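Please open the structure in your viewer and keep the sequence panel beside it.

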Amino acid sequence: MEVRSEGIRLRFWFVRLCSSIVLWICLVQLVTVTELWHSHLISGITSGIYNIAQIQLPKQPENGVDHLPPVFLPPRNYTSNGFLRVSCNGGLNQMRAAICDMVTIARLLNLTLVVPELDKTSFWADPSNFEDIFDVKHFIDSLRDQVRIVKRVPKKFSSKYGYTSLEMPPVSWSNEKYYLEQILPVFRKHKVLHFNKTDTRLANNGLPLDLQKLRCRVNYQAIKFTPQIENLGRRLIQMLHEKGPFVALHLRYEMDMLAFSGCTQGCTDKEAEELKRMRYAFPWWREKEIVSDERRSQGLCPLTPEEAALVLQALGFGRETQIYIAAGEIYGGERRLAQLRAAFPKLVKKETLLDRDDLQYFQNHSSQMAALDFMVSVASNTFIPTYDGNMARLVEGHRRYSNFRKTILLDRKKLVELVDMHQNGTLKWNEFADGVKQVHEKRTVRPTRRTVILDRPKEEDYFYANPHECLCEETNCDDFLGHHNTSSQVA
């Protein structure tokens, strides 16, 4: 009896062993087929994640218990063609978009990406490193099934051992053909390549769908702020929501923008001269002599705080509206905010909502401060940018991705005409308000394809403002985007 029982146990364990072997063989085959299919399976998985985890604030732990840590896909096994070092240039959101592009290029060329270096020499002079702003471990782990990311190049490729990596800026707005045919051969010679400029180095349009979806995956899933930034940002958002709905006004009336654009509307002669001196002090701000009135009439200036007050009132926002100013220091300070504050007494900013001790760590770190404004802007009930810079465009894209939260894109060229007519007495208030509303009837963000302008990539719609490929499941998104909203192609 015991011998028979022992035999049954042996057969049982033998069956379990065979089943395990079969399962492992199937898993290996699945991974292999996935690689051959150029990550189609993974794209499907991540597309599902996109719809489930649309960019909303992480939930607070319930009953004091943290949520389970994320489960990451197994690392991708590939032979690396070399190491890609990148130095991002510009402000926080310009660098963020560049990071997404560089991950995508590394995946395309089978490279090992070194954790990007952040700009420390621009106007903002922020000394922050990548790990001071972004969760570097999450960044590396969440993308390991796509690309290998390391914190530094191996010692044998360092300058300490006499190795000099090749530095170059890739050509702007380039597609995958440029990188495969012109950049990849360079890696075969040098093994380490340093892209010393990364802004707008990948085309908006004409890229394979899997590359476009990867850019979204990096932007909406892999790039997370540090826990310190996330926690303070959540506190800000909670404080605002407790007082009711709020508008995030990206008031880009800051010193650097005014100096760069040459816009001096409402400034004193002394301030206009100060801005001009600053523009001349930065060699990469090429256009020096600028006529402010001409620039403003073309819609190329950010709205002034006074203009923003009139526009918000005309759009129907009342005195009770809670408005969060998502910006750095407004040029001219409280003097320039007086009209806006008089119209909207519930005007707040991070510096007024948080204690000085809360912000002490972030002082003199403009990118970290901008990260807080970014979080609040994405989470706001309504987002209104007064200028279409990098932050405005990336927040727009995040809000599209988050089920098209209300975003109003202002027509500055038409607005300054209406403002001037109202202020010189040509338009009464009711006529002015009706005109503003009419202009913006169709300027609330809705599903649409990006505009493509052949041979003029700088003028076409920006990928990160409207990543339409990532907003629906199917390759053909006509049902979602609408047949009448297909891309305009201008020769």
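The model is predicted, and with a cut-off of 2.5 Å between cysteine sulfur atoms the count comes to two disulfides.

Begin by selecting Cys 216 and Cys 470, which form a disulfide with their sulfur atoms 2.0 Å apart. Cys 216 lies in helix 7 (residues 209-222), while Cys 470 sits in the loop between strand 11 (452-453) and helix 20 (478-481), so this pair ties together parts that are 254 residues apart in sequence. If you look along the S-S bond, the angle about it is 85° and the link of Cys 216 and Cys 470 is right-handed; both Cys 216 and Cys 470 are buried.

Next, select Cys 263 and Cys 301, which are joined by a disulfide with an S to S distance of 1.9 Å. Here Cys 263 belongs to the loop between helix 9 (255-261) and helix 10 (269-281), and Cys 301 to the loop between helix 11 (292-297) and helix 12 (305-314), so the pair ties together parts that are 38 residues apart in sequence. The torsion about the S-S bond of Cys 263 and Cys 301 is about -85°, so this disulfide is left-handed, and both of its cysteines, Cys 263 and Cys 301, are buried.

Cys 267 is buried, with a relative accessible area of 16%. Then move to Cys 88: its closest cysteine sulfur is in Cys 100, and the distance of 9.8 Å is too far for a bond. Cys 88 is buried as well, with a relative accessible area of 3%.

Now turn to the open sheet, in which five strands are arranged in the order 3-2-1-5-4 with parallel pairing. At its edges stand strand 3 (148-150) and strand 4 (166-168), each with a single partner strand, so one side of each is left without a neighbour in the sheet. Neighbouring strands of this sheet are turned by 25° against each other on average, direction ignored.

Within the sheet, select strand 1 (residues 83-86) and strand 5 (residues 192-195), which run parallel and are joined by four bridges; Arg 85 stands opposite His 194 in strand 5.

Methods
Residues are numbered from 1 along each chain as its sequence is written. This is a predicted model: local features need pLDDT of at least 70, side-chain atom pairs count only at pLDDT 80 or more; totals for chains, interfaces and linings use all residues. Side-chain values use heavy atoms; hydrogens and water are left out. Helices (H or I, at least four residues) and strands (E, at least two) are DSSP runs, numbered from the N terminus. Buried means under 20% relative accessible area, exposed over 50%, partly exposed in between (1.4 Å probe, protein chains only). Two strands pair if DSSP finds at least two bridges between them. Axes are lines fitted to C-alpha atoms, for helices over the stretch in contact, and angles run from 0 to 180 degrees between N-to-C directions.
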